[in-house]
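Look at the sequence and the model below.

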Amino acid sequence: MNTKNLFCREITLDSRELTVPRTTYQRTLNEDRVRKIAAEFDERIANEPKVSSRGGRYYVFDGQHTIAARKFLNGGRDLPIRCKVFYGLSERDEALLFAQQTGASASLTAGARFRALVYGGDKEALAFQKVTEAVGLCVDCKQTRGVKRLACISTAFELYKKVGSGVYREAMQTIVDAWKGDPDSLRAETVQGIVEFVDLYYGEYSRKRLVTRLRQVDPVIIFREGRAMTSLPGYKRYLYQVYRIYNGSSAKTALPMKF
């Protein structure tokens with residue numbers, strides 16, 4: 001983001017002047033959230049919406065629900081609102097700033113955050129999306145479960161950053177080859193178990209054997225049996241299920257337990 005010509009100031013704008021770019025990086029207005037904010041609204045501590053002045057218009061990148069709550073409290077009518085207006089931002093800059101929101105009233109889903117990162121041109125997010133799509137999966141920013149739809153975006157993206165593109169791609173290709181995009185194979189726990197397994201045993205395991213062994217089980221087993229397991233912490237429960245499936249009863253091809 002180029003900050004050389006960036007500056008901001010607080011000014012009062014009529015709410016009818018404010019545009020929310022929902023067709024690009026912004027999310028759909030959540031009416032329940034609007035009502036919750038309105039019910040707890042206190043003008044003395046309310047944050048000013050953050051707005052970008054661009055091309056003669058004012059674009060809201062942080063605070064659309066607060067604006068809607070103010071209008072709600074004003075009987076649905078437009079009203080003057082004190083805003084923090086930024087000058088010198090591009091639309092991509094706005095998207096990246098939107099993705100960085102951390103306020104309670106503006107908490108983002110992983111899908112909304114990722115969509116904004118992609119729109120803003122974040123290199124790591126774009127690379128993750130490209131690798132995921134290369135194995136035949138869709139990064140589903142709406143986070144709806146379905147065939148070949150990766151909804152556990154936060155988990156998968158963090159794993160991608162942890163293990164790197166090569167290991168991540170090999171693991172995700174294994175999932176697709178084994179289960180053809182079955183929604184249960186794309187649960188966060190299953191994805192984590194397999195990515196962690198591939199990373200831990202990279203160069204030691206047989207991908208062909210892993211695919212063959214995984215095909216023989218319902219992917220939901222990894223989730224169910226891992227969740228029920230209490231002897232291992234966190235993701236290791238699901239890693240163990242993949243490890244167990246891979247080894248089976250074969251002493252010859254069994255991998256040593258390293259976790």
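Which residues in α6 meet which residues in α7? Ala 156, Tyr 160 and Val 163 in α6 meet Ser 165, Val 167 and Tyr 168 in α7. Here contact means heavy atoms within 4.5 Å. Helices (H or I, at least four residues) and strands (E, at least two) are DSSP runs, numbered from the N terminus.

This is a predicted model, in which local features need pLDDT of at least 70 and side-chain atom pairs count only at pLDDT 80 or more, while totals for chains, interfaces and linings use all residues. Residues are numbered from 1 along each chain as its sequence is written, and side-chain values use heavy atoms, with hydrogens and water left out.

The axes of α6 and α7 come within 6 Å and cross at roughly 130 degrees. Axes are lines fitted to C-alpha atoms, for helices over the stretch in contact, and angles run from 0 to 180 degrees between N-to-C directions. The two helices, α6 and α7, are therefore oblique to each other; angles under 35 degrees count as roughly parallel, over 145 as roughly antiparallel, 65 to 115 as roughly perpendicular and the rest as oblique.

Helix α7 covers residues 165-179 and includes Thr 174. Thr 174 counts as buried because its relative accessibility is 0%; buried means under 20% relative accessible area, exposed over 50%, and partly exposed in between (1.4 Å probe, protein chains only). A polar atom of the Thr 174 side chain lies 2.8 Å from the backbone oxygen of Glu 170. Apart from neighbours within four places in sequence, Thr 174 is in contact with Tyr 205, Arg 207, Leu 210, Val 211 and Leu 214.

Cys 152 sits in the loop between β7 and α6. With 11% relative accessibility, Cys 152 counts as buried. Cys 152 and Ala 188 are 36 residues apart in sequence, yet their C-alpha atoms are 5.3 Å apart in space. Not counting residues up to four places away in sequence, Cys 152 touches Leu 186, Arg 187, Ala 188 and Val 191.

Val 191 is also one of the buried residues of α8. The buried residues of α8 pack against several elements, including α6, α7 and β7.

Leu 13 stands opposite Ile 81 in β5. Strand β3 (residues 50-54) is joined to β5 by four bridges and runs parallel to β5, with Val 51 opposite Val 85. Two strands pair if DSSP finds at least two bridges between them.

Terms used
A polar contact is a pair of N or O atoms within 3.5 Å; within protein, one must be able to donate a hydrogen and the other to accept it, and residues adjacent in sequence count only if both atoms are side-chain atoms.
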